[in-house]
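Subject: Structure handover, ligand site

Hello,

Here is the structure we discussed. Notes on the ligand site follow below.

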Amino acid sequence: MNALDPRTPPRSALVVDDDDFVRGAIAQILKRLGVAEVRTADNGLQARDSLENEGPTELIVCDLMMPDSDGIELMGQVQRLCPQGRVVLVSSSGPKLLRSARELAEHQGIEVLGVLGKPVRQAELAALLGQAPAARSVPAPSAAPAPRPPPPWDESQLSAALQAGEFLIDVQPQLCLHTRRVVGVEALVRWHSPLFGQLPPDRFLPELERAGLMEQLTDLVLRQAIDCCAAWLRQGLDLRVAVNISPGCLGDRRLPSRIHDLADAAGIDVSRVVVEVTENGLLQESSTPLEVLTRLRLHGMEVSMDDYGTGYSSLERLQRIAFSELKIDRRFVSAAVADAEARGIVESSLSLAQRLGLHTVAEGVETSGDIALMAELGCDSVQGYCVSRPMAPALLPAWMAAQGLPSCLLREPPCPVAHQCVLARGLGPEF
Ligand code: C2E
Ligand code: MG
Ligand code: MG
């Protein structure tokens, strides 16, 4: 936990706990830490009333277990009643429950500063407040809660940006752990806006989706990715290219032939194209996504289940859909070295994939320790900052040459100089 930061404390806080003593103690601590206005509530219902009638606060310190209306229920209201408020969760429950509660709150868009066990200690609470960036401004108590600011771009700007070719892919290499070769890249789109600078996908994909422009974006990304793949092949780099396909686009029966046409035009085999879909993209009622994915496989493309472990995948779905690859989500991969539960999830995902004959990719390897563990657990390939951050496609050949990394397709024999290559890159002898 970080030391207390001398930044301004929140100006107002609401302490929600059914235990008079605990509530009073936390309120005292907050006052000692310089919070000017400290309100209290016995349970979630009172807290809701307080936020509704007296206005939002900058901080909510909330017990999880309370009679009548518990902390989880209150979290469901915080986004609406106190959109700028940050939350500290308090409970005597075990760390597992606290972690689930935190994830649930964060999933609802709430900024959780941390979770504390009981009794709450001043130093711990102070450290959590110190971790927070400077307090955000809160509207006057009587004012309606301010909605989160919308992005400054609208549909027509997005459409113009698509026409102007401002959406460009970066590529992130994937390294085969058996051969120590770069086997391919994932294409990741960025918006290079002359007005707003370079933006990551989570800043514009939801708006593109809402505006019905995802198909256009997907076409652009597919075209760029396939053209890069063809250009690398001409330079002697034998790589595959993975493209993320949003759930909406899986409803388009023309997707397989669109990819086929692009690959034909570029002069590459479609087997070099990997289509990445997330588990939740397959939850739709319609059978079209299933049909589209099956036809992609029939046409010879690879189909990868992305972010495995974060959605609602069922074994039945994994078995029913002709996936060829499983990408384990980085949340588990980067935690696996230190966290036994995360490691357990990685291990069981790998063994499931192996039983189903799927190629496996561990996403989000950030240290050589992460890579070594994935190799030890039998994962086929890795992708992550430790190998390389995403880069402009034009830089890839020089990056590979600088690292001394050869490329290959998965079916090629092991690289005889693999160990040398990796040592030369400084990934360490354990890799
Ligand atoms: P994804 O497909 O799971 O892509 C991996 C994300 O993890 C990328 O974020 C990548 O930069 C990041 N990443 C890779 N290695 C590491 C690591 O070691 N540590 C950390 N912290 N992060 C790492 P990015 O580029 O921001 O993309 C986010 C998501 O946006 C992607 O997740 C994908 O779902 C979506 N996306 C990106 N490009 C496209 C696209 O062209 N079309 C669609 N439909 N979605 C896209
Ligand atoms: Mg992906
Ligand atoms: Mg992923």
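How far is a nitrogen atom of ligand 1 from an N or O atom in the side chain of Gln-172? The distance is 3.1 Å. Polar contacts here are pairs of N or O atoms within 3.5 Å.

This is a predicted model: local features need pLDDT of at least 70, side-chain atom pairs count only at pLDDT 80 or more, and totals for chains, interfaces and linings use all residues. Residues are numbered from 1 along each chain as its sequence is written, chains are lettered from A and ligands numbered from 1 in written order, and side-chain values use heavy atoms, without hydrogens and water.

Alone, ligand 1 exposes 800 Å², and the protein buries 84% of that (Shrake-Rupley, 1.4 Å probe).

The shell around ligand 1 has 22 residues (a heavy atom within 4 Å). Nearest are Glu-186, Asn-244, Asp-306, Glu-366 and Tyr-385. Strand E7 gives the most, 4 residues (strands are DSSP E runs of at least two residues). By class, the shell has 9 nonpolar, 5 polar and 8 charged residues (Ala, Val, Leu, Ile, Met, Phe, Trp, Tyr, Cys and Pro count as nonpolar; Asp, Glu, Lys and Arg as charged; the others, Gly among them, as polar).

Best wishes

Conventions:
Polar contact = N/O pair within 3.5 Å; in protein donor to acceptor, adjacent residues only side chain to side chain.
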